[in-house]
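Here's a walk through a two-chain model, written for someone with the coordinates open on the next screen. Have a look at the structure, then read on.

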Amino acid sequence: MTSADVAVPAAQTAEPALYTGKRAKRRSNSLTWGIVGWVVGIIFFFPVLWMVLTSFKTEAEAYTNTPHIVFSPTLSQYKAVFSSGLWPYVANSAFATIVSTILVLVLATPCAFALSLRPVKKTRDVLFFFISTKMLPVVAAIIPIYIAARDLHLLDNIFTLVILYTAMNLPIAVWMMRSFFLEVPGELLEAAEMDGAPLRRTVVEVILPIVAPGLAATALICCIFSWNEFFFAVNITATQAATVPVFLVGFISSEGLYFAQLAAAATVATLPVVLAGWIAQRQLVRGLSFGAIK
Amino acid sequence: MTRRRDTRTGGTISRRAFLAGSAGGAALALAGCATGTDQLFSGGGSGTRITVAIVSNSQMEDAISLSYLFEQEHPGIHPDFVSLPENEARAKITADVSTQGGEFDVVMISNYETPMWSANGWLANLQPYINATPGYDAQDFLPQLRATLSHQGDLYSVPFYGESSFLMYRKDLMAKYGITMPDKPTWKQVDQIAETIHSKGLVGICMRGDPGWGENLAPMDTVINSYGGRWFDPQWQAQLTSSEVTHAVSDYVSLVQKYGEPGAPAAGFSECATLYSQGDAAMWYDATSAVSTIEDPASSKVAGKNGYAWAPTQDGRPSGWLYTWSLAIPKTCQHKQAAWDFISWMTSKSYIKTVGEKLGWSHVPPGSRFSSYQIPQYKKLSSVYGPLTLQSINATNSAHPCLQPVPYTGVQFLDIPEFQDLGTNVSEQFSAAIAGSQSVPSALSQAQKYAQAVGQTYRK
C-alpha cells in the first residue's frame with residue numbers, strides 16, 4: 001500500500017505529527033531537567049556521602065592524596081567519638097533546640113497572625129524591623145552579649161543559649177509564619193465569624209489546621225538552625241552548657257591527624273537533624289511550597 | 001502491590017502522627033536533657049570543680065584521658081575540660097582572661113601570650129606555688145622555655161610541651177639517590193636536594209602554605225630571620241619590602257612551588273604530616289613535635305626511616321622557632337591552689353612517666369623537661385631525634401631573633417597584641433603568592449602596608 005492508496009486529510013496527519021513532536025520535545029526537556037536535577041542533587045549530596053565514607057576510614061586513609069573509594073571500613077572512629085563524652089553535649093543541644101523552638105513558635109504564631117490577618121498601619125515597618133535584626137553580623141554583637149552574660153552570671157548556662165536561639169530564630173519564624181497565614185482564604189475567616197466562632201476557636205480550629213504544615217516547616221527550620229549553631233555556643237559556654245557543635249570542633253587538632261574522627265563525630269551530630277527532616281519531609285515540602293508560592 | 005497515598009486524608013493522618021511523634025520525641029528528648037543537664041548543672045558530687053581550657057592537640061587529649069589518675073590522687077578536686085582547636089581556644093581564652101570573665105581556672109596558653117598577659121596583670125604568679133611544691137623541680141624545664149614564660153624572673157605559666165623546628169628527611173631515599181644530608185643544611189642545599197628528589201617523581205619537600213600566623217608564617221619567619229630580614233627596625237618602620245625579606249620569601253615560595261606538595265596553598269601541618277608519613281615526600285620542615293606523628297608505626301609508613309637535621313639556615317645561625325604550650329592560672333581564678341595542684345600534676349616528672357607507661361612512650365609530651373630524655377625507655381625511643389630536639393630548642397634566642405636589631409621579641413611571631421591580625425593578614429598574602437595568584441613583590445607590598453599601619457601605632 002502506498003500513500004496514494006489512502007487519502008488522509010492534511011489536518012489529520014499534521015496534528016498527530018505536531019503532538020508527537022511536542023511530546024518528544026517535552027520528553028526531551030523532562031529528561032534534560034531530570035539529568036540536571038540528578039547532577040545538582042549528587043553535587044549537593046556528595047560532601048555528605050564523603051563525610052560518611054571518611055568516618056569509616058583510619059586517619060591515615062582519610063588523608064591519602066588520591067582519595068581511596070575502596071578501603072577496609074573500621075568503626076574505631078565511632079568508638080572514639082562515643083567514648084569522648086558525647087551525651088552531655090547532645091543533651092544540651094536537644095534542650096536548647098527544643099525549648100527555644102517551642103518558645104519561638106509560641107511567640108511567632110500570634111505575632112504572624114496579627115501581622116498577616118489583622119494588619120495595622122505600621123505592619124510593614126514592624127516586619128522590616130524584625131528582618132533588620134538579621135542584618136547585623138553576629139560577631140559584631142558578641143562582646144556586648146558576652147559582657148552582659150558575664151555580669152548577669154549567665155555564662156556557660158544553657159538558658160542563655162535558649163534565650164539567644166529564641167531571639168535568633170524569632171524574626172525568621174515570624175516571616176515564615178506570616179507567609180503561611182496569608183495563604184488562608186479570607187472567606188474561611190468570614191464564615192467562621194458569621195457562624196459566631198470566637199477568635200480563639202477560629203485560630204485553633206480553622207487556621208492552625210490549615211497552616212500546620214507551615215508550622216512544622218518553621219519548627220524544623222528553627223530546630224536545624226539551633227542544633228547547628230556554633231558561634232554563640234563556643235563563645236558563651238564552657239563545660240556546663242556546651243553543645244554538639246562545640247564537641248565536634250574538639251576533634252580538630254593543629255598538630256595531628258583528625259579527619260576520620262571528625263567525620264564520625266559530624267555524622268553522629270547530623271543524624272538527629274536528618275531524622276527529624278526525614279520524619280517531617282512531607283510536611284516540610286508542603287509547608288515550604290505552601291508559603292513560598294503565591 | 002503498591003501503596004497509594006491519599007493526598008486528601010494523608011495530610012491529616014500524617015499530621016496527627018507527626019504531631020504525636022514530635023510530642024513524644026520532644027518529651028523523650030527533654031527527659032534525656034533533664035538527666036544530662038541535671039548532671040551538668042548540679043556539678044556532680046562534692047569537692048572543688050576546676051575548669052580547664054586546653055587546645056585539642058593529641059598530647060592534651062592524652063592528659064584528659066589520664067585525668068582520672070589526678071582525681072584519684074586529689075579526691076577533692078574535679079577537673080572539667082574545655083577542649084577546642086587552637087584558634088577557637090585562643091579566642092575564647094583571650095576573651096575570658098582579658099575581660100576577667102572568670103570562666104576558667106586553668107588556661108593553656110603559649111609563649112606568645114604569657115609575657116604580655118603577665119605584664120598586664122592577668123595571670124597569677126606561679127612562682128610561690130612552685131616554690132611550695134616539693135619535687136616539682138622547675139629548673140628541669142628547658143631554660144629557653146623558662147625564660148620565655150617568665151616575667152620579672154618569676155614563672156607565670158609552666159610548659160606542658162615545647163618545640164622548635166627542624167628538617168625531617170627520609171634516610172632511605174637519601175641513600176638510594178646517593179645524597180648526603182648535611183647536619184646543618186643551608187636553604188640552597190635543601191633546594192638542590194629537593195630538586196634531585198623531585199626529578200625522581202616524589203615530592204621534594206613539604207612546607208606549610210596555608211594562611212595563618214601559626215601556619216605558613218611560622219616556618220616563613222624562620223626563613224626571613226635566617227636571611228637577615230626583619231618585620232620592623234628599632235623605630236617601628238616596617239621592613240617587609242627589604243631585599244632580605246624579598247629574597248627569603250621568594251626562595252620559600254619558589255621552593256614550595258617547584259618541589260613542594262600538591263595543593264601547597266592550603267597545606268598545613270596535617271596535610272604535610274600525612275604526605276610525609278605515607279612515604280610520598282622526601283623532606284619536611286616543621287615542628288620538632290611532628291615526630292609523634294611520623295615515628296608512630298600505627299599511622300606512619302616511614303617510622304624508623306627518618307633522619308633529622310637542624311632547621312635550614314642561610315646565615316649559619318640556628319634558625320629554628322620556639323613554641324610551647326603551657327598552663328597558667330588567670331588572676332580571677334577562685335580556686336588557685338586546686339588549679340595549681342592540677343597544673344603541677346600535668347607538668348610534673350611523674351606525669352611524663354605515667355604517660356609513657358599507660359599510653360606508650362611515643363605519647364610523651366616532648367621538649368619540656370630535661371629529665372624526660374633521661375628516662376631509659378624514652379631515651380631509647382627518641383635517640384634519633386631527642387638530642388636534636390633539645391639542641392634546637394636550646395639554640396633559639398627569642399630575645400634577639402634577627403641578625404639586625406628589632407624592637408620586638410619572639411622568633412616566629414612578634415610578641416605584640418596586634419600580631420595575630422597582622423600575621424594572619426600577611427600570611428594570606430604569602431599563601432596567595434604560593435598559589436601563584438599574585439607575585440611575591442605584590443604580596444610583600446601589601447604586607448608592608450599592613451605592617452606600616454601597626455608600626456605607626458608604636459611610633460606615636
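Which domains does the domain assignment of chain B give? Domain 1 covers 48–156 + 323–380, and domain 2 covers 165–322 + 405–459; bounds like these come from an automatic or database domain assignment.

## Before you start

This is a predicted model, where local features need pLDDT of at least 70, side-chain atom pairs count only at pLDDT 80 or more, and totals for chains, interfaces and linings use all residues. Residues are numbered from 1 along each chain as its sequence is written, while chains are lettered from A and ligands numbered from 1 in the order in which they are written.

## How chain B's domains meet

Back to those two domains. The C-alpha centres of domain 1 of chain B and domain 2 of chain B sit 28 Å apart. Their contact takes 12 residues from domain 1 of chain B and 12 residues from domain 2 of chain B; two residues are in contact if their C-beta atoms, placed from the backbone, lie within 7 Å.

On the domain 1 side of that contact, α4 (113–119) and α6 (143–148) of chain B each supply at least two residues. By class, this side has 5 nonpolar, 6 polar and 1 charged residues. For the classes, Ala, Val, Leu, Ile, Met, Phe, Trp, Tyr, Cys and Pro count as nonpolar, Asp, Glu, Lys and Arg as charged, and the others, Gly among them, as polar.

## Chain B overall

Chain B has 18 helices and 10 strands. Both are DSSP runs numbered from the N terminus: helices are H or I with at least four residues, strands are E with at least two. Along its principal axes, the C-alpha trace of chain B spans about 75 × 75 × 55 Å.

With 460 residues, a compact globule would have a radius of gyration near 23 Å, and chain B's 25 Å agrees with that. The radius is taken over C-alpha atoms, and the globule rule is 2.2 Å times the number of residues to the power 0.38. Of the 460 residues, 50% count as buried. A residue is buried if 20 or more other C-beta atoms lie within 10 Å of its own, exposed if 12 or fewer, and partly exposed in between, with C-beta atoms placed from the backbone. Among contacts in chain B with a separation of 6 or more, 73% join residues 24 or more positions apart.

## A three-stranded sheet

In chain B, 3 strands make an open sheet in the order β8-β7-β9, with antiparallel pairing. Strands β8 (283–287) and β9 (306–310) of chain B are at the edges with a single partner strand each, so one side of each has no neighbour in the sheet. From one strand to the next, the twist averages 30°; strand axes are lines fitted to C-alpha atoms, and angles run from 0 to 180 degrees between N-to-C directions.

Strand β7 (residues 165–170) of chain B pairs with β9(B) in the antiparallel sense over 5 bridges; two strands pair if DSSP finds at least two bridges between them. To find one of these on screen, go to Tyr169(B), whose bridge partner in β9(B) is Gly307(B).

## One glutamine

Gln452(B) lies in helix α18 (residues 440–459) of chain B. Is Gln452(B) buried or partly exposed? It's partly exposed, because 16 other C-beta atoms lie within 10 Å. Gln452(B) and Arg369(B) are 83 residues apart in sequence and 39 Å apart in space, C-alpha to C-alpha.

## Chain A

Chain A has 13 helices and 0 strands. A compact globule of 294 residues would have a radius of gyration near 19 Å, but chain A has 27 Å. Its C-alpha trace spans about 95 × 65 × 30 Å along the principal axes, and 36% of the 294 residues count as buried.

The domain assignment of chain A gives domain 1 (10–55) and domain 2 (81–292). Their C-alpha centres lie 35 Å apart, and 4 residues of domain 1 of chain A are in contact with 6 residues of domain 2 of chain A.

## Where the chains touch

Across the chains, 44 residues of chain B are in contact with 38 residues of chain A. On the chain B side, the elements giving two or more residues are α1 (7–42), β2 (77–84), α3 (86–98) and α11 (269–277). The largest share, 15 residues, comes from α1(B). This side of chain B divides into 16 nonpolar, 21 polar and 7 charged residues.
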